[in-house]
Amino acid sequence: MSSPYDLKALDDVIHVRARLAILSFLASVEEADFKAVREAVGATEGNLSVHLQKLEDAGFVSVTKTFVGKRPNTRLALTGAGRAALLDYLDRVEMMLESVRKLTKR
């Protein structure tokens with residue numbers, strides 16, 4: 001790994017609080033519907049849609065749209081690439097925090 005302070009090492013797709021929250025929630029479940037994710041992260045429908053599109057474009061989230069009866073149903077899941085990117089992101093943040101902790105111990 002690079003320097004703990006290397007700003008280029010943090011994934012810009014993940015380093016947005018809404019997207020970090022979405023990925024973290026999806027990492028805790030096998031899959032979830034749009035409403036469950038919206039409620040868990042506290043986003044509006046429009047805001048969540050925009051962030052999900054970014055995550056889907058990056059290959060981090062799979063989006064499956066179906067109908068249950070006549071109602072649309074959107075199912076979301078973390079992809080393997082999404083899980084790997086999230087874990088790498090967390091490792092880098094932990095490395096940064098550990099470095100700060102070592103420097104500030106009294």
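## Cavity and pocket

One cavity of 30 Å³ or more is counted in this predicted model, a cavity being a set of points on a 1 Å grid over the protein atoms alone where a 1.4 Å probe fits but cannot get out. The largest cavity has a volume of about 30 Å³, a volume being the space filled by probe spheres set on grid points joined across faces, edges and corners. S3, P4, D6, A9, L10, R92, M95 and M96 line this cavity; a lining residue has an atom within 4 Å of a point.

The largest pocket (an open set of points with protein on both sides within 12 Å along at least five of seven lines) has a volume of about 210 Å³. Its lining is formed by D33, F34, K35, V68, R71, P72, N73 and T74. Two or more of these residues come from each of α2 and β3, and β3 gives the most, with 4 residues. Helices (H or I, at least four residues) and strands (E, at least two) are DSSP runs, numbered from the N terminus.

## Basis of the values

Residues are numbered from 1 along each chain as its sequence is written, and side-chain values use heavy atoms, with hydrogens and water left out. The model is predicted, and local features need pLDDT of at least 70, side-chain atom pairs count only at pLDDT 80 or more, and totals for chains, interfaces and linings use all residues.

## Sheet

The strands form an open sheet of 3 strands in the order β1-β3-β2, with antiparallel pairing. β1 and β2 stand at the edges with a single partner strand each, so one side of each has no neighbour in the sheet. Two strands count as paired if DSSP finds at least two bridges between them.

β1 and β3 run antiparallel and are joined by 2 bridges. A32 has L76 in β3 as its bridge partner, and D33 has R75 in β3. Strand β2 (residues 61–68) pairs with β3 in the antiparallel sense over 8 bridges. V68 is bridged to R71 of β3. The hairpin of β2 and β3 has 2 residues between the strands, and G69 in this hairpin takes a positive phi near 70 degrees.

## Nonpolar core

The largest nonpolar core has 19 residues, and L23, L26 and V61 have the most contacts inside it. Two or more core residues come from each of α1 (17–27), α2 (34–41), α3 (45–57), β3 (71–78) and α4 (80–104). Such a core is a set of buried Ala, Val, Leu, Ile, Met, Phe, Trp, Tyr and Cys residues joined through side-chain atoms within 4.5 Å.

Leaving aside its neighbours within four places in sequence, L23 is in contact (heavy atoms within 4.5 Å) with I14, L55, F60, V61, L78 and L86. In soluble globular proteins, nonpolar side chains tend to be buried together.

## Salt bridges

A search of the whole structure finds 3 salt bridges, each a side-chain nitrogen of Lys or Arg within 4 Å of a carboxyl oxygen of Asp or Glu. One of them joins R75 and E31, with the closest N and O atoms 3.1 Å apart. R75 lies in strand β3 and E31 in the loop between α1 and β1 (32–33), so this pair ties together parts that are 44 residues apart in sequence. R75 is partly exposed at a relative accessible area of 26%, and E31 is partly exposed at 42%. On this scale, buried means under 20% relative accessible area, exposed over 50%, and partly exposed in between (1.4 Å probe, protein chains only).

Another bridge links E39 and K35, at 4.0 Å from N to O. These residues are 4 residues apart in helix α2, about one helical turn. E39 is exposed at 52% relative accessibility, while K35 is partly exposed at 48%. K35 is also among the residues that line the largest pocket.

D88 and R92 form a salt bridge with closest N and O atoms 3.3 Å apart. Both lie in helix α4, 4 residues apart, about one turn of the helix. D88 is partly exposed at 32%, whereas R92 is buried at 16%. R92 is also one of the residues that line the largest cavity.

S99 is found in helix α4. Its relative accessible area is 15%, and S99 is buried. Apart from neighbours within four places in sequence, S99 is in contact with P4 and Y5. P4 is also among the residues lining the largest cavity.
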